[in-house]
Amino acid sequence: MNKGYSLFVLLAVVLFAFAPVLVAETPNEATMGLVQKIFYYHVPSAMVMFMAALICGLASAAYLFRTRPGADRIAAAAAELTVVFGLIVLVTGPLWARKAWGVWWQWDARLTSTLLMWMIFVAYLLVRRFGGPGAEKLSAAMAVFGMANVPFVYISVNIWRTVHPTTAVIPKLPGGMRGPFWFCVLSFTVLFGLLLALRTRLEQRRADLEHLYLLADEE
Amino acid sequence: MPMFLKVAWLVMRKDLTVEVRSREILYTTVFFAVACVLVFAFALVKEGRPMDDAAAGIMWISVAFAGTLALGRTFERERHSETLRALMLAPVSRPAIYVGKLLGIVLLLLIVETVLVPLVGLLFHAPIGNRPLMLIALLVSGTIGFSAVGTLFAAMLVRARSRDVMLPILLYPITIPVIIAGVRGTAALFEAVPADELAQMWIALLLFFDIVFVTLSLWTFEPLMTE
């Protein structure tokens with residue numbers, strides 16, 4: 001691991017070590033109290049998940065139309081991270097919902113579309129893993145179609161009553177909550193960047209190795 | 001453009017000719033859809049009374065399941081005798097081949113639906129005659145949306161390993177909006193007083209879905225089918 005990565009790792013560790021301290025000091029929310037603290041992990045994970053999904057979709061489109069093998073590696077790494085951060089969102093969400101709404105799950109627009117998007121990326125990984133030769137293209141198409149699908153899912157489930165708070169909450173956060181919240185967002189983004197870079201590099205190495213094997217075979 | 005339509009027409013006619021001679025996919029798909037409806041009937045009819053809104057859901061689930069089967073079989077046939085490669089080698093535009101395939105599958109599924117919908121109406125006391133034109137609009141636009149994505153994925157999967165499992169895995173998450181719109185729209189039509197406006201909104205959403213996904217498929221078919 002080179003110096004750049006070590007610095008990055010150090011930064012991520014420091015950020016994540018400091019985040020709980022900040023979160024502990026934030027004022028308790030008036031109605032939900034302590035339960036609301038999960039917000040500092042739930043929302044940044046969701047933001048990072050959508051970022052990862054967007055990167056995966058764009059990289060897949062680049063791979064499909066420009067046939068750049070590098071883009072495919074980024075897409076694969078981003079898809080895995082979408083699933084990981086999506087899992088964090090889908091675990092912290094119901095935990096919070098149980099306390100705030102009294103139920104684990106609601107078929108509300110935001111929840112349903114997040115779950116479906118997560119499923120699309122799980123399908124992406126499944127195809128990649130078990131699709132056999134040519135699976136890269138298949139999965140790339142899955143990512144592109146999955147991206148196009150998100151607004152449709154959102155509109156179609158929006159007819160049911162929405163209980164999930166809208167994103168308009170974020171700019172109106174009270175002073176004591178705003179700082180720690182954006183600190184957590186930064187932590188998660190740094191972690192995401194680190195994981196994406198490492199995972200892409202691993203994929204790159206794998207491709208290089210395969211190439212070398214092929215060369216050795218030819219000789 | 002006329003050339004494009006001509007190629008699409010020829011591909012569709014070829015598929016339908018093969019189908020008319022064997023009737024394999026039509027018979028098996030219709031039977032499968034009927035079996036599907038019966039299985040649901042055992043699960044969702046209690047003391048002779050179906051659950052509320054069950055009819056709409058069962059209708060669309062059966063369409064989706066039967067559609068998956070038909071898509072798989074259609075391309076299995078092409079794979080079996082290597083005819084898809086021959087089709088791809090033909091000096092015609094690839095999107096035209098896609099459109100031809102899509103039309104063939106849509107037509108097949110619509111024929112299946114003419115059996116399926118009356119059966120659901122019969123077994124689940126669904127008033128299918130309430131707004132026949134709107135029901136047809138829902139079915140046609142929904143079938144096009146489902147088949148648009150399905151045709152593309154099934155065509156890509158021809159070369160893939162474990163294609164039978166992969167097709168539903170890819171297809172269902174992507175076509176969820178079609179299923180939601182289809183089920184909700186049909187349920188609105190099946191109510192004692194049909195909710196016309198709601199159904200129209202769902203038809204509009206389906207049409208919009210069709211436009212976006214057919215365009216996207218035409219756009220990606222060429223790079224995806226290049227080896």
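Student: At what angle do the axes of α2 and α3 of chain A cross?
Tutor: In this predicted model, the axes of helix α2 (residues 39-66) and helix α3 (residues 69-100) of chain A cross at roughly 155° and come within 7 Å, where axes are lines fitted to C-alpha atoms over the stretch in contact and angles run from 0 to 180 degrees between N-to-C directions. That makes α2(A) roughly antiparallel to α3(A), a term for angles over 145 degrees.

Student: And which residue classes make up that contact?
Tutor: The contact of α2(A) with α3(A) divides into 21 nonpolar, 7 polar and 1 charged residues, with Ala, Val, Leu, Ile, Met, Phe, Trp, Tyr, Cys and Pro counted as nonpolar, Asp, Glu, Lys and Arg as charged, and the others, Gly among them, as polar.

Student: Switching to α1(A), where does it bend?
Tutor: α1(A) bends by about 25° at A:A19, and the proline A:P20 follows within four residues; the bend is the angle between axes fitted to the seven residues ending there and the seven starting there.

Student: What about the chains, how many residues of chain A are in contact with chain B?
Tutor: On the chain A side 28 residues are in contact with 23 residues of chain B, contact meaning that C-beta atoms, placed from the backbone, lie within 7 Å. The largest share of the side of chain A that touches chain B, 15 residues, comes from α5(A).

Student: Anything to know about numbering and confidence?
Tutor: Residues are numbered from 1 along each chain as its sequence is written, while chains are lettered from A and ligands numbered from 1 in the order in which they are written. Because the model is predicted, local features need pLDDT of at least 70 and side-chain atom pairs count only at pLDDT 80 or more, whereas totals for chains, interfaces and linings use all residues.

Technical notes. Helices (H or I, at least four residues) and strands (E, at least two) are DSSP runs, numbered from the N terminus. Angles under 35 degrees count as roughly parallel, over 145 as roughly antiparallel, 65 to 115 as roughly perpendicular and the rest as oblique. Two residues are in contact if their C-beta atoms, placed from the backbone, lie within 7 Å.
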